[in-house]
Amino acid sequence: MIPAIVNAVIVPPLLALMVTAAVIAVLMRSRLAVLVLDHPNQRSLHAAPTPRLGGIGVVAGVAAAWAYAAPPLDPRLLIALALLVGISLLDDLRSVGVPWRLTLHFTGALLAMAALLYAAHGIWLTLAATLAAMWLINLYNFMDGSDGLAGGMALIGFGTYGAASLLGGDFSFAAINLSVAAAACAFLYFNFPPARVFMGDAGSIPLGCLAAVLDVTGWLRGNWPLWFGIAVFSPFIVDASLTLLKRLLRGARVWQAHREHYYQRLVQNGWGHRKTALAEYALMALCSGAAIFGARQEQTLQLAVLGVLALFYAGLIVALERYFPRHA
């Protein structure tokens, strides 16, 4: 008989890992891989057509793990995730218009946050969390543009959620998060530079939603402060938010694809996909470690940790803005 703690914490992530790897391996050898290709264009960073089916494997792995663990999830949350997966998969297969995509992203985010917050915290916190979730949904998609980047962020980010839950003794919630991290790990095997498969919207959109949903859930369960997820996923949040702000100030069409994110500029400036991914992993690990340390401190020290992270990012941005013109 499997010990209870192993069955609760170890088996679901292992199941997610195996199912994700198996589904991606099968899809890559199927006719669907030829039909769903991401073709290079002037705004992309890859040079050869690549299947964008990896997200299907990630979703399948997480679904299998959660079905085994059987966590008490609100049906509205499951409907929200199914809605986001459905519209994203349709967008991968045949392009969906921006208004439809954003409408359904908002609907999914609202359903998920209403399930978590509305009854106890009312409409205003629910709406604020909905907008934050919608932004995470889209920025995760924006940042899925370089080999190994989005998969590595999911592995480290949700792995950090899982580790913090374990430290707090919340084993069932740890399994939920570690299952997402394990699915991302299996995907990363196929996606680490040079990538053989991309995640596609079917993977990046649900992962962005889960980054927000599981952060709020961990806060409600008393595992960490509400800022925890922002710090953990700050490498994506800072890059995407600052890039959008600069494009808005310049009057650019912010809904159009581009190659102006910091990670894209590093790739174009000679770092390549592998070196850029490894540098981002180091940044993600640093932010995650700071978040875990800060979350276990009293409030004044938490603010100090956030202040240090903010100063670190300010210095990093200044350094990069000086680096790019010299190494263009």
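Biologist: Which residues does D92 touch, not counting residues up to four places away in sequence?
Modeller: This is a predicted model, where local features need pLDDT of at least 70, side-chain atom pairs count only at pLDDT 80 or more, and totals for chains, interfaces and linings use all residues. Residues are numbered from 1 along each chain as its sequence is written, and side-chain values use heavy atoms, with hydrogens and water left out. Contact means heavy atoms within 4.5 Å. Beyond those sequence neighbours, D92 touches V36, R52, G200, D201 and A202.

Biologist: Is D92 buried or exposed?
Modeller: Buried means under 20% relative accessible area, exposed over 50%, and partly exposed in between (1.4 Å probe, protein chains only). Accessible areas come from the Shrake-Rupley method with a 1.4 Å probe; for residues, only the protein chains shown count as cover. The relative accessibility of D92 is 6%, so the residue counts as buried.

Biologist: Which residue forms a salt bridge with D92?
Modeller: Side chains of opposite charge can pair when their charged atoms come close. A salt bridge is a side-chain nitrogen of Lys or Arg within 4 Å of a carboxyl oxygen of Asp or Glu. Here the closest N and O atoms are 3.7 Å apart, and the partner of D92 is R52.

Biologist: How many residues apart in sequence are the parts that this pair ties together?
Modeller: Helices (H or I, at least four residues) and strands (E, at least two) are DSSP runs, numbered from the N terminus. D92 lies in helix α5 (residues 75-93). R52 sits in the loop between β2 (50-51) and α4 (54-69), so the parts tied together are separated in sequence by 40 residues.

Biologist: Which residue's backbone nitrogen does the side chain of D92 reach?
Modeller: A polar contact is a pair of N or O atoms within 3.5 Å. Within protein, one must be able to donate a hydrogen and the other to accept it, and residues adjacent in sequence count only if both atoms are side-chain atoms. At 3.0 Å, the D92 side chain reaches the backbone nitrogen of D201.

Biologist: What is the N to O distance in the salt bridge of R76 and D74?
Modeller: R76 is partly exposed at 35% relative accessible area. D74 is partly exposed too, at 27%. Their side chains meet, N to O, at 3.1 Å.

Biologist: Which helix holds R101, the salt-bridge partner of D91?
Modeller: The side chains of D91 and R101 meet at 3.8 Å, N to O. This pair links distant parts of the chain, 10 residues apart, with D91 in α5 and R101 in helix α6 (residues 98-142). D91 counts as buried at 11%, while R101 is partly exposed at 21%. The helix of R101 is α6.

Biologist: Which residues are linked in a network of salt bridges?
Modeller: The structure holds 6 salt bridges. A network of them links K246, R265 and E321.

Biologist: Which helices do the buried residues of α11 pack against?
Modeller: Helix α11 (residues 234-250) has 17 residues and reaches 24 Å from its first C-alpha to its last, close to the 24 Å expected. The expected span is 1.5 Å times one less than the number of residues. Its buried residues include F236, I237 and R247. They pack against α6, α7 (149-167), α10 (228-232), α12 (262-295) and α13 (299-326).

Biologist: Which residues make the nonpolar surface patch of about 350 Å²?
Modeller: Patches are made of residues with over 30% relative accessible area and no salt bridge: like charges are joined within 9 Å, nonpolar side chains (Val, Leu, Ile, Met, Phe, Trp, Tyr) within 5 Å. L17, in helix α2 (residues 11-28), is partly exposed at 31%. The patch is made by I10, L14, L17 and M18.
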